[in-house]
Structure formats: structure tokens, C-alpha cells
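My notes follow in the order I made them.

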Amino acid sequence: MNNQSAFTEPPPGCPAHNSGRRIPMYGPEFAADPQAFYTHMRQYGPTAPVELAPGVDATLVTDYSAALQLLQNPDTFRKDSRRWRDLNEGKVAPNNPVLPMLAYRPNALFTDGAEHMRLRQAVTDSLAGVDAHWLSRQVERVSSYLISQFSALGEADLLNDYAKMLPLLVFNELFGCSPSIGDRLVVGTSGIFDASMDAEKANEELTQALVELIALKRRQPGDDVTSRLMAHPAKLTDEEMIHQLVMLISAGTEPQRNLIANGLYLLLCDEKHAGGSQAGGLLVEDVIDDVLWNSPPMANYAPHYPVCDVELGGNLLRAGDLVLISFAGANTDPALSSSRQVLSKRAHLAWSAGPHACPAKDSGQLIAVGAIENLLNQLPDVELAVPMESLQWRPGPFHRALTSLPARFAPVRAQQTSMMSPTPQTGPAVTPAAVPQARPQGKAQKSSAWSSFLAWWKS
């Protein structure tokens, strides 16, 4: 059995080079070429000793079979981070930047057993009420609004002007937000993931917006995820409601924006997909599958904690160790190279697996495909505006995320946009409503993004 005490040499440029330290996953070197790090990690076997941030040790699973073994064994590997030994022993500072992604919350992501089943069922049933046709229409109209804000300029940052904002506005639709609540939800959610903003203040803004949303839906329930979650037989308390909604919007916006952006990156930069941007939905679906296999937006996550000392793939894990799955590493496991062609294209682990697998993977795929298709339909000549080599990836252990995606295209004169009117999520389709006029060009501020969109749509 390997206890991982004999470290081999990290990749060139790694801060741990020649030092014998754990492999760091937070610097620019890892962000620039994570696959080189995963290749090095495989020298340790199915698991490798890593450092998520200064002072935060973890074990990362890079082997596909070992990842499945862990994800499908909830009796041995638990999700409740109150089992995290290093945190309980004070080895992790309370202000460590990775702690918000790992600390316990009473939601379906960080619970086990009967409590997990109760919360997950409430979330799953509430999401099941979202009609796919309705969701496609909302993605199209949110997408068209965002494109109208920059289409006459001939240039845009497709990450920050488009991919980042689209999931936020779609989730406001899903949650049934009023204009004022929706604006604050956008600001709060954006701030949690934006290093340039005050994360603590953003979290307060998000929490207060959700408190008001819950109060609104208790008075005026509607056909939306918030109301269905509230009416579920699980009888969630207001506090439980807040935690489930935070989980949903966090999991559905940051990874979703990076899925859209990484798909657009492939279309604009990868020769394999070059020239095919007008080929239609099948191509875009293939691009999204390529991203999920090879560059998943949530690259390393699914924190687990062994309930006892256990061997995984020949390496010893101690009770209470922090163990993460490298979805990016497992998906590119060399052991899969001969079998990936015969595996289902959805056999990747980007949506995780086992009892904590993502309950909204179909909706996530639909949103990403719709967002990219509509952009390519409206701006068919879009191309990268800078050399591919100049693009930068955001440092961090968990995500695979660009900092920006500058693009250019022929300016499009403001014109009427043909879209369908809003319809109930589960109701019958209606005939097209009056066509809304495109709004004057100019980016909407985050503080008024939702109300600006509603004003654009209703005019």
C-alpha cells in the first residue's frame, strides 16, 4: 500500500518543483496547463497529494475507475464536511479563500443519508417541473437581449458580456424573481465569484434577496422553482429554502457560464471545430460534449471524507481526509483512451455520478447549447479578436475558466427580433406575441440587469 510519502518531481514551472511539497493547484502554472499537472499526478497512482490553497491539503482522484468507486460508495465516503479533520483541528484558517466552496451547509450537496434524500428529492422534484420547451424559449429571449446590447458595436467579450450574464438572467426566470429582487440576485451571485468584488458583502446581498423572494412566494406562489420547492412535501424551513436556492444558483451559474464560454472557445480556436459554427445543433452538442470530456467547467470538486481509514486504488486515505474528484483528470485518464470511442458520449464525469450526481444536467446542457446556437445564428461571422495564445485562464483549484473571450464580428444594425412571448412553464404553447423592438446599444449595469431585461422584453 502506498501512503504517498515519496513525492516525485512536479512539472517544470510548478512552485513545488524540486521541493518535495504537495502539488499546488492554485497558481498561474496550474491554470495555464492543468493537464500537465494531471499527467504528473498519475505517477502517484489513482490518487495524488495536492494543495488546494496555501495550508489546505487534499487528495485528488485522477483515475476514472477510482473516481466512480468513490462516488458510488456513500457508506464509506461522506459529503458532510464537518468530518474534515484538518478543519476541525484548526489547520485551515477560517478566512482561507477555498473554504466557502468546502464548508458545511445544510443543503443537498453537503448532507448524507436520509437528510440528503429529503433535500435532494425536494430539489429534483422542483426542477422536474421546468418544461424543456419553455426553458429553450427563455434562453433564446435572454440570449437575444444580451446580444442586442453589443451587436451594433462589432465587438464583445463573450465571457463577461454574454456567457456570464445569461445563466444569471435565466435563473431569475426559473426562480420567479421580481425586478428589484432579481437585480440584487444578479449582483450578489456575481460578487461571490468575482475576485474584484467584496465577497462578504455580495453574500449578504444574495441572502437578503433570497429572504425577500421566499417571503414574496409565500404570499404569491407561482409556477416557478421557488414556489414548487416551498410547496414540496419535504416541508423545507425558510433557512433550508435559502440554502437550497443558494446551492442551485451557485451550481447553475458559475459552471454554466464557463461551459458556454469554453464551448465558444473551442468553436473559435480549435481547428477540429473551425468553420463549422453554422452547421446547426448537432455540431454545438458535439462541442459541448467535447468540453465536458476534456475541459469541464468544474474541473476538480465533489469533496468527500472517508468515515474510516480506507485504501483507494492502492493508496491509503485516513478518516476525515479531504478527498476531491478530478473530473478533468478522470475524463482524460489514459486507461480510457482505447474505450472512449465505444463509451456513451455522456459517460464522462463532468456532471459527477452516484447519489450526488447533478440533478439538472439535461437543463444545463440545454442552456449551453441554446446560448451558443443563438449567438452563432445572430452573429454568424463571429471570430476571436485576439491571438489565441493571449487568452488567460483564471487561477483556482476547482474551475476551468477563462478570464475573458474577446470577439469581433460585422456590426449588426438594431432591428426587430422575432421571439415568442413568455409562456407558463408547463402550459401549452401560444402564438407569437408582438415583436419587441431591439433596445439602444449599450451594456446594462449589473445592478439593473434584470429590470433592464424585463423593460426591454415588455416594450
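I began with Pro49, which stands opposite Thr59 in E3. The model is predicted: I took local features only at pLDDT of at least 70 and side-chain atom pairs only at pLDDT 80 or more, while totals for chains, interfaces and linings use all residues. Residues are numbered from 1 along each chain as its sequence is written, and side-chain values use heavy atoms, with hydrogens and water left out.

**Strand E2**

I looked up what joins E2 to E3 and found 6 bridges, with the two strands running antiparallel. I count two strands as paired if DSSP finds at least two bridges between them. Helices (H or I, at least four residues) and strands (E, at least two) are DSSP runs, numbered from the N terminus. E2 and E3 form a hairpin with 2 residues between them. Gly55 sits in that turn and has a positive phi of about 90°. E2 also runs parallel to strand E1 (residues 23–24), joined by 2 bridges. There, Ile23 has Val50 of E2 as its bridge partner. I then checked cover: 7 of the 7 residues of E2 (residues 47–53) are buried. Buried means under 20% relative accessible area, exposed over 50%, and partly exposed in between (1.4 Å probe, protein chains only).

**Strand E6**

How many residues of strand E6 are buried? I found 7 of the 7 across residues 300–306, so the strand is largely enclosed by the rest of the structure. I listed its neighbours next. Strand E4 (residues 77–78) pairs with E6 in the antiparallel sense over 2 bridges. Arg78 has Tyr305 of E6 as its bridge partner. Strand E9 (residues 323–326) is also antiparallel to E6, over 3 bridges. For Asn300, the partner in E9 is Ser326.

**Helix H3**

I listed the buried residues of H3 (residues 64–71): Tyr64, Ala66, Ala67, Leu70 and Leu71. Seen down the helix axis, they fall within an arc of 165°, so they line one face of H3. The arc is taken from the directions from the helix axis to the C-beta atoms. I noted the background: an α-helix has 3.6 residues a turn, so residues three or four places apart point the same way. What do the buried residues of H3 pack against? I found E3 (56–61), E4, E6, strand E7 (310–312), E9 and helix H15 (327–331). Contact means heavy atoms within 4.5 Å.

I checked the length of H13 (residues 238–269). At 1.5 Å a residue, its 32 residues should span 46 Å, and its end C-alpha atoms are 46 Å apart, which agrees. The expected span is 1.5 Å times one less than the number of residues. H13 is mostly covered, with 28 of its 32 residues buried. His232 lies in the loop between helix H12 (225–231) and H13. Is His232 buried or exposed? His232 is buried, at a relative accessible area of 12%. Leaving out residues up to four places away in sequence, His232 touches Gln121, Ala122 and Asp125.

**Whole chain**

The chain has 17 helices and 11 strands. Of its 459 residues, 53% count as buried. Among contacts between residues at least 6 apart in sequence, 70% join residues at least 24 apart.
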